[in-house]
Amino acid sequence: MTLDARPAADTRAASFEDAFRALYASRFANLYRYLDRLTGDAELASDVAQEAFIRLHGRGEMPDEPMGWLVTVANNLVRDERRVSGRRLRLLAEQPQRVPVGAAADPAADLDRAERIDAVRAALDTLSLRDRQALLLRHAGYSYREIAAALGLADTSVGTTLVRAGQAFRAAYQELHGAPD
């Protein structure tokens, strides 16, 4: 073993730590937002997003597509959580809408917002899991490449998937709730 081998390993570790911190700072909120919309449970979304980043850190090196890798891990964690506690998640989804801290209480606006969220969630629930995930990922700001990596799609098929999913969502929404306001 040469004397230069140890500093190179230290440099790689420091480089990974810097890349990890930058990724966490810039993309944690996007992953959380996607998971919150996917699950309808803010606490679960926070836990899963944090766990996905912990697993990336434990990996010790960045994958080729870090956000795709994180979304894949997060989707697997959500699937596992739903398998283990599906009943609990259904009960949590029926919770009344949480009012953000510091928000003025306007019962009519809160009710209207809750009804719109329920209408969108009902339409999303009619879509296939892949279509629902693709729409939510795109809405959370993920690139086509990141969506492709996360969902195991070819880069070139993401646009078509999003168009079809969007059409299916609009049709489901109109069937369930009539024409949008």
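This report walks through aromatic pairs, a few helices and some side-chain contacts in a predicted model.

Residues are numbered from 1 along each chain as its sequence is written, and side-chain values use heavy atoms, with hydrogens and water left out. Because the model is predicted, local features need pLDDT of at least 70 and side-chain atom pairs count only at pLDDT 80 or more, while totals for chains, interfaces and linings use all residues.

**Aromatic rings**

Let us begin with the rings. Here, rings of Phe, Tyr and Trp (its six-membered ring) pair if their centres lie within 6.5 Å; planes under 30 degrees apart are called stacked, over 60 edge-to-face, and the rest tilted. By this rule there are eight aromatic pairs. One of them joins F20 and Y24, and another joins Y24 and F53. The table sets out these two.

| Pair | Centre to centre | Angle between planes | Geometry |
|---|---|---|---|
| F20 and Y24 | 6.5 Å | 25 degrees | stacked |
| Y24 and F53 | 5.0 Å | 80 degrees | edge-to-face |

Helices are DSSP runs (H or I, at least four residues), numbered from the N terminus. F20 and Y24 are four residues apart in helix α1 (residues 5-39), so about one helical turn separates them. An α-helix has 3.6 residues a turn, so residues three or four places apart point the same way.

F20 is buried at 12% and F53 is buried at 1%, whereas Y24 is partly exposed at 31%. F20, Y24 and F53 belong to one aromatic cluster together with F16 and F28.

A charge can also sit over a ring, if NZ of Lys or CZ of Arg is within 6 Å of the ring centre and within 35 degrees of the ring normal. R27 lies over the face of Y142 in this way, at 5.2 Å from the ring centre.

**T39 in helix α1**

T39 is found in helix α1 and counts as buried, at 11% relative accessibility. What does its side chain reach? A polar contact is a pair of N or O atoms within 3.5 Å; within protein, one must be able to donate a hydrogen and the other to accept it, and residues adjacent in sequence count only if both atoms are side-chain atoms. A polar atom of the T39 side chain lies 2.8 Å from the backbone oxygen of L35, and the T39 side chain reaches the backbone nitrogen of D41 at 3.1 Å. Leaving aside residues up to four places away in sequence, T39 touches L44, A45, V78, R82 and R121 (contact means heavy atoms within 4.5 Å).

**Helices α4, α5 and α7**

In α4, the buried residues include A114, A119, A123 and L124. What covers the buried residues of α4 includes α5 and α7. The buried residues of helix α5 (residues 129-139) are D131, R132, Q133, A134, L135, L136 and L137. Just after α5, G141 takes a positive phi of about 100 degrees.

Q174 lies in helix α7 (residues 158-177) and is partly exposed, with a relative accessible area of 45%. The C-alpha atoms of Q174 and A123 are separated by 8.6 Å, although these residues are 51 residues apart along the chain.

Definitions and conventions: Helices (H or I, at least four residues) and strands (E, at least two) are DSSP runs, numbered from the N terminus. Buried means under 20% relative accessible area, exposed over 50%, partly exposed in between (1.4 Å probe, protein chains only).
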